[in-house]
Amino acid sequence: MKNLSLALGLLLWLALPARAQDAFTAALPGLAGGFGDIAASVEQLGALGDPRGLPVLRALQAGQLQKTADGRLLLPGNTDAATGQPADGAGAEAVRLNNRVRQALRGALGRLQLVSPDAAERGAAAEAIFRSRSAEDVPILQAAIAREPDAGVKARMVLALAAAQLVAPNEEAKRDAIARLGAAGTVEARALLIEARAANPSLVTAIDVSIASIERSLSIRRAAETLFQGLSLGSVLLLAALGLAVTFGVMGVINMAHGEFVMLGAYATFVVQEACRGIPWLAPWSLPLSVPAAFLVAAAAGAVLERGLIRHLYGRPLETLLMTFGVGMILQQGVRTIFGAQNREVTSPAWMQGTLMLPGGIAVTQNRLWIIVFGIAVLLLVIAAIRFTRFGLEMRAVVQNRRIAATMGIRTGRVDALTFAFGSGIAGMAGVALSQIDNVSPNLGTGYIIDSFMVVVFGGVGSLAGTLVGALTLGVVNKVLEPYAGAVLAKVFVLVAIMLFIQRRPRGLFALKGRAAES
Amino acid sequence: MTLRLVLVGAVLVLAMLPALNRLPADSALHVSDFIVSVTGKWITYAILALAIDLAWGYAGILSLGHGAFFALGGYAIGMHLMRLIGPRGVYGHPVLPDFMVFLGYQELPWYWLGFDHFPFAILMAVVVPGLLAGVVGYLAFRSRITGVYLSIITQALTYALMLAFFRNDMGFGGNNGFTDFKELLGMPLNTPTARSALFYASLLLLLGALWLCSWVARSKLGRVLVAIRDAESRVRFLGYDVTQHKLFVFVLSAMIAGLAGALYVPQVGIINPGEFSPGNSIEAVIWVAVGGRGTLVGALLGAFSVNALKTWLTTVAPDLWLFALGGLFVAVTLFLPRGLIGLFSKAQK
Amino acid sequence: MTPTSPTLTRRAALGGLGAALAMPALRPAFGQGAPIKVGVLHSLSGTMAISETALRDTVLMMVDWVNAKGGVMGRKVEAVVVDPASNWPLFAEKARELLQVHKVDVTFGCWTSVSRKSVLPVFEELNGMLFYPVQYEGEEESKNIFYTGAAPNQQAIPAVEYLMSKDGGEAKRIALLGTDYVYPRTTNRILRGFLKSKGIGDADIMEEYTPFGHSDWQGIVARVKRFASEGKKTAIVSTINGDANVPFYRELGNQGIKAEDIPCVAFSVGEEELAGIDTKPLVGHLAAWNYFMSIKGAPNEEFLKLWQGYIKNPKRVTNDPMEATYTGFRMWTQAVEKAKSTKVDDVRAAMIGQKLMAPCGYEEEMLPNHHLSKPVLIGEVQADGQFNIVWKTPNAVKAENWSPFIPENANRRR
């Protein structure tokens, strides 16, 4: 029956407007009922194929469909959904959704949008049907495939058709579908096949062949994704450790407040975002803008710390360690007093949300990808600053031989302050990245401080290349171990491994030659 | 000389506290249970500080992982206390502690065997930290890892232990650790008698540790240690085995810390992986720095004064105490490189 | 910190200055008798400050509220605030200090189970009274503690039942993700027992634990995705604690896990936690609590007005543990009035059977097992960080702190 009305609805709604109209208006009132009623009428609207259903369903999806006390439904702008006439919207409240309704909506919208003029929408529709699939979708999809001009969209439709055919009665079509899903090689296709396996005892062999082929391509993909996850974790460690590589690696200052500088950077991101919120054209740029802001804030704090306190303790690294621990406590509580103990919300811009499909079906999350890019950019920036600027030259001179540098006219005190501020500023930039994946809270920095020290020591104090290799190695090893050992043990193993490694090579991976590393 | 008098006086005052606690509550000299229990806790902290000072102040080994030895000692005695609960647990199991019954253990893991005997538990409270310190110290000192590198490694050590002990699968009660102890050596724990007994035991250990440490410091060994602290390579060239000297003092220090932890746990009534947190170890080092390192007495002074300040401030200024404490750490390292004890000796001159 | 709620101890800190000046003018006249002291034992620094400071503020707000009404039994109520700094042994020390030095009549405090376990012996030894406002794993009952948060049967089980219902998406496979500590472990154990009774076997349950503050969820979320691709409708049950939630939800959003495909129901994520996340990608994921800020009705409006007025911020959110604190405090004042005494034994007797029309819109009652009867509500995350209630129990449910799904409870000592 449903099948029949659907076919009629789709093919004949132009010829039989009166019949469709009746069914359309008959399906509407359910939307004002309970979740079960709403889901049922959404399904009906989807099956009808009446184009007037589209604005109703879209409004429902956006949470903009209103219902009045007497059960009428209003579209945005207070038009009556049934009649299309303006209506009185007083006392109306939004129709609420739950996941069951959302599921029904996705399928219904998918069917209606298959005829959309916009290719992206048709593609999304195919995707939606792939998920919601039912036997009734087969003829609709076949019709859509026949008229689809865009090859990419067509491929998605074919896959959706396969999914629908898998639940339709035609045995021959099912065999085709199984082969096509097997060739698609995605996790989703595998899920459908496993589901179909129990229902189709006669096709088990064909299904198993397809599943096996998917497994093969998945295992390669999984390895690639693990590698990506490791690189991503490594890039976070790299960012957190780079500042330390400068302050500890180059200057030999143990700054236990390093994590708090990272935290300051994250809060700077939050402040910039709030400042930009009121200015519409600026708001999307708040994250790029907060990079220099975070650098400046943390660098200023670093400069104050160095000039005010640390310079009195040069040559006494252990005392510096203890003092900066106190500074860290003060910074943490200061931020807690100003911003409150609660997490602050830093939103991700649209281009950092969602997943990106690399060739070969490797899924990588956008924000992680950007953080890897950002980590590399910051590393290049640090290398450039040290290699090619006058400040970098003076810094290297002071590190190599302070007295001779001073006799050459370099103001060593100023260079110390700048170097420390530079390292702190980098920590601040790390805070911008961390605000995208972690809590922006006063405790943000404490979770990274030990890992950062381990990266620097493992990589070799004073060597930026060592920091890079160290961070990435730790990230990847951690992620490779994680599925076998669990997240905690993986981390414990890595820590123990580093401790043992340092016993073998106290200077780390990339030991710096020359006098600079002598403590 | 004055310092010694002050010290003797302080010990006498401490020794009187549990007695004053027994006075009627309306007496002017009455001391509340709270004061006794909190002072008992500080004494164990002071022993930990002493252990750190022995390694740091004399041999120049700044361990940021001494909290781990303290916590391991605490876990050893905690395991004993858990075994003593016996069938009084919630689930009434004759042998297994509640958390094990709950996680579905069928029998006691092998590493829990023997902990029902008090001497064994105390032995473990000393041996386990000592062994760990021995292994870590041997590897580190042999490779001539010194200074901040050693600090970072020991910090990673305690951090790794913390993560490991947080795991429920380790069989040490996970995040909750051990609580709800009932008795020790036949004394119910939540009584004034038990509190006084633990208090005096801690005080005795403190005096014993102080005597031992100052004996080590004054011996020839101690002088070699100071020499190592000041010029390690030179001592090595003079033919001394630096590794062995450092290892000895590091292990001794860890053992003292373990014993301190063993006395700490029955007094506070809980041991959990939070004790391994790197922040705790750094704080303990800061007590020593505040008091004045390399003097032993300074470590005691620092442990008592910082903890008293913390107890007081967390009540009178719950929102601001971190500023005060952080400020104190900064001020002491900047202006009092010899710690509070430096004030005394200056006055003496 | 407001000038209207100075504590004795604060006054000492301020040299008595501000308080002495402000007091006479602002206070209603109180009758005879020393002030009643209320201890506040919530972490204001360290890892738990993020959650617990709001509860400290709630208690201070209630102290103001009751004093504005003329106090309890005509006596003024005074708060004594201490900071146990997320340090469990310090919790025990501070509990003893509150009871012995400040001689508080009642204490409101603790968030984590371990902090409660740490203070429990102290409260039992000194016969104090603690109100514990957070949902927890059960398996405990002390005569000195009143538990105003949910027991597992008032949160976890109804939520999973919902996931398995038609409205919830008929989940047949469950991924149990949690932070590795006693609450998730216990809750998941109870859920496993419950799922088994519903015919879901071990092969269809995935259980994974992470450390506190875990921030890298890439691998685990990817594994859940794989687990969900085995041909059965899958749902996530999250007992992830506090700080780890923000990175978890970000990863969920970024890996494109939609609520329609794999709904995630959480037991420790409320309005406060969502305040730190952009919730647009998370719309449709669920939380089970006994209170949501979005509840309609006079009791909640009164609560919201009180809170936002006290904190002087019309945007500050409320959450379940705050409501539990509020409910506990009001029940305590009722019990003191009824007992005409602040003695712990008298108040304890008077507490049992206390009823209150709570902000959740249901009448809650203190049961003889020291737990409350509470409604169970399931809310969906909205784009604005609030919850839309999609399911609720018709009545308040009685707490079962000893779960029937844990076989060992049969030989429990009573």
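Let's start in chain B. H2(B) passes H7(B) in a left-handed crossing. Bear in mind that this is a predicted model.

Which residues are these two helices? H2(B) covers residues 33-58, and H7(B) covers residues 192-218. Their axes are 9 Å apart, and the packing angle is about 20 degrees. Angles under 35 degrees count as roughly parallel, so H2(B) is roughly parallel to H7(B). What sort of residues make the contact of H2(B) with H7(B)? There are 18 nonpolar residues, four polar and two charged.

Now to chain A. Look at helix H8 (residues 151-166) and helix H9 (residues 171-184) of chain A. Their axes come within 8 Å, and they cross at roughly 135 degrees. Because of that angle, H8(A) is oblique to H9(A). The crossing is left-handed. From H8(A), the contact residues are Val158(A), Leu159(A), Ala162(A), Gln165(A) and Leu166(A). H9(A) brings a set that includes Ala173(A), Lys174(A), Asp176(A) and Arg180(A). By class, the contact of H8(A) with H9(A) has eight nonpolar residues, one polar and three charged.

Stay in chain A for another pair. H11(A) and H20(A) have axes 7 Å apart and pack at an angle of about 140 degrees. Is the crossing of H11(A) and H20(A) left-handed or right-handed? It is right-handed. On the H11(A) side, find Gly230(A), Gly234(A), Leu237(A) and Ala241(A), among others. On the H20(A) side, the contact residues include Leu468(A), Ala471(A), Gly475(A) and Lys479(A). The contact of H11(A) with H20(A) divides into 15 nonpolar residues, seven polar and one charged.

Next, what does the record say about chain A? An unreviewed UniProt entry gives the feature "transmembrane region" at residues 227-254, 289-309, 321-339, 369-386, 453-477 and 483-502. I'll take two of those spans. Residues 369-386 of chain A are 100% helix and 0% strand. The end C-alpha atoms of residues 369-386 lie 26 Å apart. Residues 483-502 of chain A are 100% helix and 0% strand, too. The end C-alpha atoms of residues 483-502 are 26 Å apart.

Step back to domains. The assignment for chain A gives domain 1 (1-113) and domain 2 (221-517). How many Å separate their centres? Taken over C-alpha atoms, 53 Å separate the centres of the two domains of chain A.

Domain 1 of chain C takes in 8-150 + 296-365, and domain 2 of chain C takes in 153-294 + 376-411. Their centres are 29 Å apart, taken over C-alpha atoms. In the contact of these domains, domain 1 gives 23 residues and domain 2 gives 22 residues. On the domain 1 side, helix H3 (49-68), helix H12 (320-339) and strand E12 (363-365) of chain C each supply at least two residues. H3(C) gives the most on that side, with three residues.

Finally, how do the chains meet? Take chain A with chain C. Here 47 residues of chain A are in contact with 47 residues of chain C. On the chain A side, the elements that each supply at least two residues include helix H5 (99-113), helix H14 (317-339) and helix H15 (366-388). Which helix gives the most to the side of chain A that touches chain C? That is H10(A), with six residues. This side of chain A has eleven nonpolar, 20 polar and 16 charged residues.

Last, chain C with chain B. Chain C puts in 37 residues and chain B puts in 34 residues. On the chain C side, two or more residues come from each of helix H1 (8-13), strand E2 (77-82), helix H4 (88-101), helix H5 (113-125) and helix H7 (182-197). H4(C) gives the most to this side, with eight residues. The classes on this side of chain C are 18 nonpolar, seven polar and twelve charged residues.

Methods: Residues are numbered from 1 along each chain as its sequence is written. Chains are lettered from A and ligands numbered from 1 in the order in which they are written. This is a predicted model: local features need pLDDT of at least 70, side-chain atom pairs count only at pLDDT 80 or more; totals for chains, interfaces and linings use all residues. Two residues are in contact if their C-beta atoms, placed from the backbone, lie within 7 Å. Helices (H or I, at least four residues) and strands (E, at least two) are DSSP runs, numbered from the N terminus. Ala, Val, Leu, Ile, Met, Phe, Trp, Tyr, Cys and Pro count as nonpolar, Asp, Glu, Lys and Arg as charged, and the others, Gly among them, as polar. Domain bounds come from an automatic or database domain assignment. UniProt positions are given in the numbering used here, feature names are shortened, and annotations may be inferred rather than shown by experiment. Axes are lines fitted to C-alpha atoms, for helices over the stretch in contact, and angles run from 0 to 180 degrees between N-to-C directions. Angles under 35 degrees count as roughly parallel, over 145 as roughly antiparallel, 65 to 115 as roughly perpendicular and the rest as oblique. A crossing is left-handed if the near helix is turned anticlockwise from the far one by less than a right angle, and right-handed if clockwise.
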